[in-house]
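Student: I have a structure open and would like to learn how to read it. Could you walk me through it?

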Amino acid sequence: MPSSAKAPSAKKTRRSRTRRAGESAYGLLLLGGRALMGFLAVLLLVAGAWASWPAAQHVMFPQSREQGTVTVVRCGAERCAGPFAPASDDAERRGQVTLDRSAAADKGTELPVVLKPGTTSAVRSGFPGLLHAWVPLGGALLLASVVVAGGIRMRRTAWGLAGAGALLLTGAFLLL
């Protein structure tokens, strides 16, 4: 081959400006949709944690709160009530405290509880109480998994979120 002969060059075809702008706009729409779904998933998780925190803080940090047991005497549609027997040094006996119906058991059952400061409202303590306090977060994990799988197309992450939510909800159901 003579040295002056050039190899055939590949011809580049240029796309029109309209097509390039359309492809960019479509890419931006896809990116915006994924960003919106990511924001929605994070918003769901934050809302679940926010809803769980008012009860969870008392269960997770019981040191400065009154601890004891409640013997369930009567239950209504939403709340159960019974006398409070102190277990910590700074706690005092109370004639009646209230407890969420979903965290209580049958009448006559003695449950470990932590009192909310300044109230006669009790939160179930121990591992069952901890799982029960985080139930709203478990529901949020399940909802966020649907958004992550369908909106962001991150299926493995979605399965992880769904597994964590299902494990939390199942554990709370079985232990209560």
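Tutor: Gladly! Let us begin with a term: a residue is called buried when its relative accessible area is under 20%, and exposed when that area is over 50%. Please keep in mind that this is a predicted model.

Student: Which residues of helix α2 are buried?

Tutor: Helix α2 spans residues 126–133, and its buried residues are P128, G129, L131, H132 and A133. The cover over them includes α1, β4 (94–100), β6 (121–124), α3 and α4 (155–175).

Student: Let me try one in helix α1, where S52 lies. Why is S52 called buried?

Tutor: S52 counts as buried because its relative accessible area is 1%, and the cut-off is under 20%. Beyond its neighbours within four places in sequence, S52 is in contact with A133, W134, V135, P136 and L137.

Student: What does the side chain of S52 reach?

Tutor: The S52 side chain reaches the backbone oxygen of G48, at 2.9 Å.

Student: Now the surface. Which residues make the nonpolar patch?

Tutor: L36, F39, L40 and L43 make a nonpolar surface patch of about 400 Å². L43 sits in helix α1, which covers residues 17–60. With a relative accessible area of 44%, L43 is partly exposed.

Student: Where is confidence lowest, and where is it highest?

Tutor: Confidence is lowest in strand β2 (residues 74–75), with a mean of 88, and highest in helix α3 (residues 135–152), at 96. For the protein, the mean pLDDT is 88, and 94% of the residues reach 70 or more.

Terms used: Residues numbered from 1 in each chain as written. Predicted model: local features only at pLDDT ≥ 70, side-chain atom pairs only at ≥ 80, totals over all residues. Heavy atoms only, no water. Patch = residues over 30% accessible without salt bridge, like charges linked within 9 Å, V, L, I, M, F, W, Y side chains within 5 Å. Areas by Shrake-Rupley, 256 points an atom, 1.4 Å probe, with all protein chains shown as cover. Salt bridge = Lys/Arg side-chain N within 4 Å of Asp/Glu carboxyl O. Helix = DSSP H or I, 4+ residues; strand = E, 2+ residues; numbered from the N terminus. Buried < 20%, exposed > 50% of the residue type's maximum accessible area, 1.4 Å probe, protein only. pLDDT = per-residue confidence, 0-100. Contact = heavy atoms within 4.5 Å. Polar contact = N/O pair within 3.5 Å; in protein donor to acceptor, adjacent residues only side chain to side chain.
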